[in-house]
Amino acid sequence: MMTKPKVIWLQGASCNGNSHAFFNYPYLKTLLQAFDFLYHPLLPSPLPLASIVNDYSITCDILIFEGSVDAKFNRAGLSSDTLLQRFDGRAKTIIAAGTCASFGGIFSENDQNTSGILYRHEQPLNKPLISQSDVINLPGCPVHPHNLATILLALKANQPIPLDTMHRPKEIYAHTVHQGCSRSEYFEWKVDAKSFGHKEGCLFYEQGCRAPMTHGNCNLVLWNEVNSKPRAGIPCFGCTDPKFPNFSFFHTPKNMSIPAEIPLDVSKRAYLTISGIAKTFSIPRLKKRLLDD
Ligand code: SF4
């Protein structure tokens, strides 16, 4: 029988959101049976955290770190940077679970000394916190549990996990969140959503949808296997983006009626040309309510 990889899950400054999302993974029981979880702050663990941290003979295959690294924030009497550093070289692979662990996230918004494991927003840390480079960033606020499970199982199977320049698995983050949205036809023909929560219209032009500028697979791998924010009529907040949460939410900033940010790698000229042409056509089907008149 294949040995079970040993996993330790630690937290820095965190709201527990990644843990809660993970616990709602529909196949959690089966997944947990495939690994030997030595420690998780919210699960019964064979040893207390202090024993695990201070006993250097305890190593693991995968360290999952949730939350931002913040020297003011203590676990088991250790600041979260020291806690992380105690595992430098003791884990074969470190997974940064969520945007806080990957890039600093919400906790680093107004605090220059708070960061992710390798980055503070888009910038690599001037002074690296750890020496090992086997870090996989899984941003998301929270990280989608399916994505975390996919990476855990790939590590268990010794499968290669190609990463991009920001240590994110390409399989998950090469797309933009825009891909797979049920509203793409409205985006193409520039038919705007009139309000939140409806099935019709695109949320890009008025409601602040950041999906065309954000790397992720939320419209391809659905939440709870049924939905995503844009599908439900709520704009993507760009929660996987290294800059998150430094955006304006629920409205689209514009200059002279042109969105201040346009889809990734699309030139302003191309965007304006395509939008201008699309807007000259009126498609009655796309102006109607889908279910009600
Ligand atoms: S609502 Fe957002 S994700 Fe959906 S088509 Fe419009 S821009 Fe793309």
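This is a predicted model: local features need pLDDT of at least 70, side-chain atom pairs count only at pLDDT 80 or more; totals for chains, interfaces and linings use all residues.

A: Residues are numbered from 1 along each chain as its sequence is written, and side-chain values use heavy atoms, with hydrogens and water left out.

Q: How many disulfides does the structure hold?

A: A disulfide is a covalent bond between the sulfur atoms of two cysteines. The criterion here is a pair of cysteine sulfur atoms within 2.5 Å. The structure holds 0 disulfides. For Cys 141, the closest cysteine sulfur is in Cys 239, at 5.7 Å, which is too far for a bond.

Q: Is Cys 181 buried or exposed?

A: Buried means under 20% relative accessible area, exposed over 50%, and partly exposed in between (1.4 Å probe, protein chains only). Cys 181 is buried, at 11%, whereas Cys 141 is partly exposed, at 37%.

Q: What kind of pair do Phe 196 and Phe 250 form?

A: A pair of aromatic rings is described by the distance of the centres and the angle of the planes. Rings of Phe, Tyr and Trp (its six-membered ring) pair if their centres lie within 6.5 Å; planes under 30 degrees apart are stacked, over 60 edge-to-face, and the rest tilted. The count is 12 aromatic pairs. Phe 196 and Phe 250 are edge-to-face, because their centres are 5.2 Å apart and their planes at 75°.

Q: Which ring lies under Arg 90?

A: A charge sits over a ring if NZ of Lys or CZ of Arg is within 6 Å of the ring centre and within 35 degrees of the ring normal. Arg 90 lies over the face of Tyr 56, 4.8 Å from the ring centre.
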